[in-house]
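Dear colleague,

Please find the structure below for your records. My findings follow it.

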Amino acid sequence: MSKEKKPLSRGKKIGIGVAAALVTAAVVGIGVFYCTFFPNPLAKRIAPVDISAGEMSVTGESNVLIAYFSIANNRAYPDGEVDAVASASLAIREGKGYGHAELYALAAQEATGGDLFPIKTAEPYPETYGGAFDRHRSEMGTSHRPELTEHLDSVEGYDTVILIYPNWLSGLPQPVLSFLEEYDFSGKTILPIATSQALGLGSGPEQIAAACPGAEVVDGLSARSEDGVKEFLKRAGLVI
Ligand SMILES: Cc1cc2nc3c(=O)[nH]c(=O)nc-3n(C[C@H](O)[C@H](O)[C@H](O)COP(=O)(O)O)c2cc1C
């Protein structure tokens, strides 16, 4: 004689549903925490010596300036490290590591023929995401302007500035403000381009406008690829 299966009671069904939701939330939460604070174990690995230091390239022949900040050019890598480094802030092209903002700046240079200016700090940021995050939060809190190591003689010859920054806590990294406040950008057109995990341009354009009185800050781009950057610059009429 077969025993008939009893249907689950409503209470049991709700209990199972709640337990499944809690397990899913815990798995997602642990995943987000891990991805935020720890390097991706599946990411490609690269030696610090193969990470771009960020080269300035100023010919004086273009009226377009491409300025960018990438943490990859501004990080302290442990002394004498021979092991490899992997990081969410690092894209690898032909065996060399670049910050995303730097890759977009190089794409902009290729498309426009503009001068290239890396924003670099005297005091490098900590290597870990958590360390960089803490330092940024403290610099924001004190409105600190980090000292820069690279400087332009003048920005007079430029009509257009393409400014490429990573979204940090929904705004600009403080070294970008150090750069903007060092020169007179009045009368110039500034095109903001942001790279981000998710939040796009954030309040970067407003911060740029506040730091550059008299400049025109046009609608920017939340960049996802080098081709996207080139397309944006084409629409802006800057591609040669
Ligand atoms: C200190 C810090 C704060 C960040 N804050 C945000 C944020 O608020 N929103 C976001 O979408 N991404 C955030 N990110 C992720 C960066 O935007 C992302 O790593 C960056 O765009 C990569 O560009 P890069 O390789 O040139 O550094 C943050 C990264 C760091 C290091």
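The protein chain is divided into domain 1 (9-38) and domain 2 (48-235), with bounds that come from an automatic or database domain assignment. The C-alpha centres of domain 1 and domain 2 lie 38 Å apart. Please note that this is a predicted model, in which local features need pLDDT of at least 70 and side-chain atom pairs count only at pLDDT 80 or more, whereas totals for chains, interfaces and linings use all residues. Residues are numbered from 1 along each chain as its sequence is written.

**The ligand shell**

There are 22 residues around the ligand, of which Gly99, Ala101, Pro166, Ser196 and Gln197 come nearest; a residue is included if its C-beta atom, placed from the backbone, lies within 6 Å of the molecule. By type, the shell comprises 12 nonpolar, 10 polar and no charged residues. Here Ala, Val, Leu, Ile, Met, Phe, Trp, Tyr, Cys and Pro count as nonpolar, Asp, Glu, Lys and Arg as charged, and the others, Gly among them, as polar. Both α2 (100-112) and α3 (129-141) supply at least two shell residues each, and α3 gives the most, with four. Helices (H or I, at least four residues) and strands (E, at least two) are DSSP runs, numbered from the N terminus.

**Alanine 72**

Alanine 72 lies in the loop between β1 (64-68) and β2 (91-93). Alanine 72 is buried because 24 other C-beta atoms lie within 10 Å; the cut-offs are 20 or more for buried, 12 or fewer for exposed, and partly exposed in between, with C-beta atoms placed from the backbone.

Yours sincerely
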